[in-house]
Every structure is written in C-alpha cells, then in structure tokens.
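Please consult the sequence and structure shown here.

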Amino acid sequence: MADHEDTESSEKEKKAAQHEEKEQDTATSDRRKSGDVKKNVSSLRNKPGSARSTQSSAKSEMKGKAGKGKDGKGRVTGQEEKKPEQVPEPVDEGVKEGGLPAGCSPLFMTSKTQEIFHCVCDQDVTADNPIKIITKQEILDDMRNRAAISDFHPFKPQIIDYPSDEILVVFDAEFKYGQNFYIALTEEAKN
C-alpha cells in the first residue's frame with residue numbers, strides 16, 4: 001500500500017511540475033513577445049537583403065504618407081462625412097463643358113507618340129498651325145503594336161467606329177482643355 005501511495009504522490013508531483021513548466025513557458029514567451037522579439041526584429045532590419053529589412057523600410061515610409069483615421073492608426077472608425085456629388089450643369093448643344101466642341105476629347109500625347117505621328121509640339125504643330133490629320137489605320141496600327149500603352153487606347157471604341165479614314169488631332173498649346181492635344185471623335189467635330 002505504501003508503494004501505491006508513493007506512485008500517486010509521484011504522479012501528482014509530475015503533474016504539478018508539468019503545470020509549472022507550462023506556466024513558465026507561457027511567461028517566457030510573453031517576455032519574448034514584448035522585449036526579445038523586438039531586439040531580434042531590429043537586428044534583422046539592419047541586415048541588407050533580408051525580407052524584414054525591405055518590409056520594415058516600406059512600412060516606415062508608409063507611416064509618414066498614410067492618412068490617419070480617427071483612431072490614429074490609419075483605420076477608419078465609424079462613418080466619415082460624405083461629400084455630395086457635384087452634378088454638372090446642362091451644356092449647350094455643340095459645345096462641351098469648358099468650351100471643348102461636342103465630339104472632342106482631351107488627349108495627352110507623349111513625346112514618343114508625337115514622334116510616331118509626326119506631330120511634335122512646337123515643331124510639327126504650333127500655336128499658329130495646331131491642326132494635324134492622322135489616318136485611322138495609323139492609329140489602329142499603333143494600338144495594335146503598343147496596346148494599352150498607346151495614347152489613343154482610351155478612345156479605342158470611338159476610333160474603331162469612326163466613319164472616316166482621317167482623324168483630326170488639334171494641338172492645345174495653352175492646355176486650355178487640360179491636355180496637350182484634343183481629338184475629334186465625330187465628323188461633326190471634325191468640321
């Protein structure tokens with residue numbers, strides 16, 4: 001019977017020791033989370049080429065740029081004030097908002113596109129001679145070759161549906177309509 005009591009007490013002691021070990025491990029891991037891990041992470045940041053260094057530098061750059069929410073951590077907490085949408089006023093027929101003729105759209109042409117279509121600003125087209133006629137086929141070839149990079153890509157459906165073979169592009173030297181050129185996408189606008 002003494003052996004049986006010894007085994008029961010030793011089992012209780014083992015369980016108590018295991019429980020204490022678990023508590024110590026938990027306490028140790030809590031300390032690691034708060035202090036030791038910060039030291040390890042900061043040492044990783046200093047090693048060039050480590051994933052941590054690139055992530056942390058990106059995060060630190062974003063801290064200064066990110067907008068702070070109401071809780072100060074960049075999160076939105078609750079409803080933000082909604083600004084009412086501005087409804088454009090009706091525009092006279094034949095003239096778009098801002099004075100741009102109906103059927104025309106502002107077009108930004110990069111220097112590369114200007115070279116391709118021989119309409120370089122202040123050389124091929126000027127404030128005195130702003131008009132340039134480009135064939136529809138040249139524009140379609142450019143969209144096929146350069147795809148989404150083509151400056152004409154946003155107008156692809158209108159250009160494909162354009163009835164004539166020549167498309168009018170006008171140099172906007174003063175950026176009156178917001179870009180360096182504007183394009184006539186209808187016959188009425190072209191005339």
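The sections below set out the basis of the model and then its local features.

## Basis of the model

The model is predicted; local features need pLDDT of at least 70, side-chain atom pairs count only at pLDDT 80 or more, and totals for chains, interfaces and linings use all residues. Residues are numbered from 1 along each chain as its sequence is written, and side-chain values use heavy atoms, with hydrogens and water left out.

## The sheet

Four strands form an open sheet in the order E1-E4-E3-E2, with antiparallel pairing. Strand E1 (104–107) and strand E2 (131–135) stand at the edges; each has a single partner strand, so one side of each lacks a neighbour in the sheet. On average, neighbouring strands of this sheet are turned by 30° against each other, direction ignored. Strands are DSSP runs of E with at least two residues, helices are runs of H or I with at least four, and both are numbered from the N terminus. Two strands pair if DSSP finds at least two bridges between them.

E2 and E3 run antiparallel and are joined by five bridges. Isoleucine 133 stands opposite leucine 168 in E3. Helix H4 packs on the sheet, touching E2 and E3, and its direction makes about 70° with that of E2. Contact means heavy atoms within 4.5 Å. Axes are lines fitted to C-alpha atoms, for helices over the stretch in contact, and angles run from 0 to 180 degrees between N-to-C directions.

## Aromatic pairs

The count comes to three aromatic pairs. Rings of Phe, Tyr and Trp (its six-membered ring) pair if their centres lie within 6.5 Å; planes under 30 degrees apart count as stacked, over 60 as edge-to-face and the rest as tilted. One of the pairs, phenylalanine 117 with phenylalanine 152, is edge-to-face, at 5.3 Å centre to centre and 80° between the planes. This pair links distant parts of the chain, 35 residues apart: phenylalanine 117 is in the loop between helix H3 (111–116) and E2, and phenylalanine 152 is in the loop between H4 and H5. Phenylalanine 117 is buried at 5% relative accessible area, and phenylalanine 152 is buried at 0%. Buried means under 20% relative accessible area, exposed over 50%, and partly exposed in between (1.4 Å probe, protein chains only).

The rings of phenylalanine 171 and phenylalanine 181 have centres 5.5 Å apart and planes at 55°, so this pair is tilted. Phenylalanine 171 lies in strand E3 and phenylalanine 181 in strand E4, 10 residues apart. Both residues are buried.

## Cysteines

The number of disulfides is zero, a disulfide being a pair of cysteine sulfur atoms within 2.5 Å. For cysteine 121, the closest cysteine sulfur is that of cysteine 119, 7.3 Å away and therefore too far for a bond. Cysteine 121 is partly exposed at 22% relative accessible area, whereas cysteine 104 is buried at 2%.

## Loop residues

Alanine 147 is not a glycine, yet has a positive phi of about 50°. This residue occupies the loop between helix H4 (136–146) and helix H5 (156–161) and is partly exposed, at 39% relative accessible area. Phenylalanine 175 also has a positive phi, near 55°; it is found in the loop between strand E3 (166–171) and strand E4 (181–184) and is partly exposed at 46% relative accessibility.

Serine 164 is in the loop between H5 and E3. A polar atom of the serine 164 side chain lies 3.3 Å from the backbone nitrogen of glutamate 166. Not counting residues up to four places away in sequence, serine 164 touches Lys136, Glu187 and Lys190.

How values were computed: A polar contact is a pair of N or O atoms within 3.5 Å; within protein, one must be able to donate a hydrogen and the other to accept it, and residues adjacent in sequence count only if both atoms are side-chain atoms.
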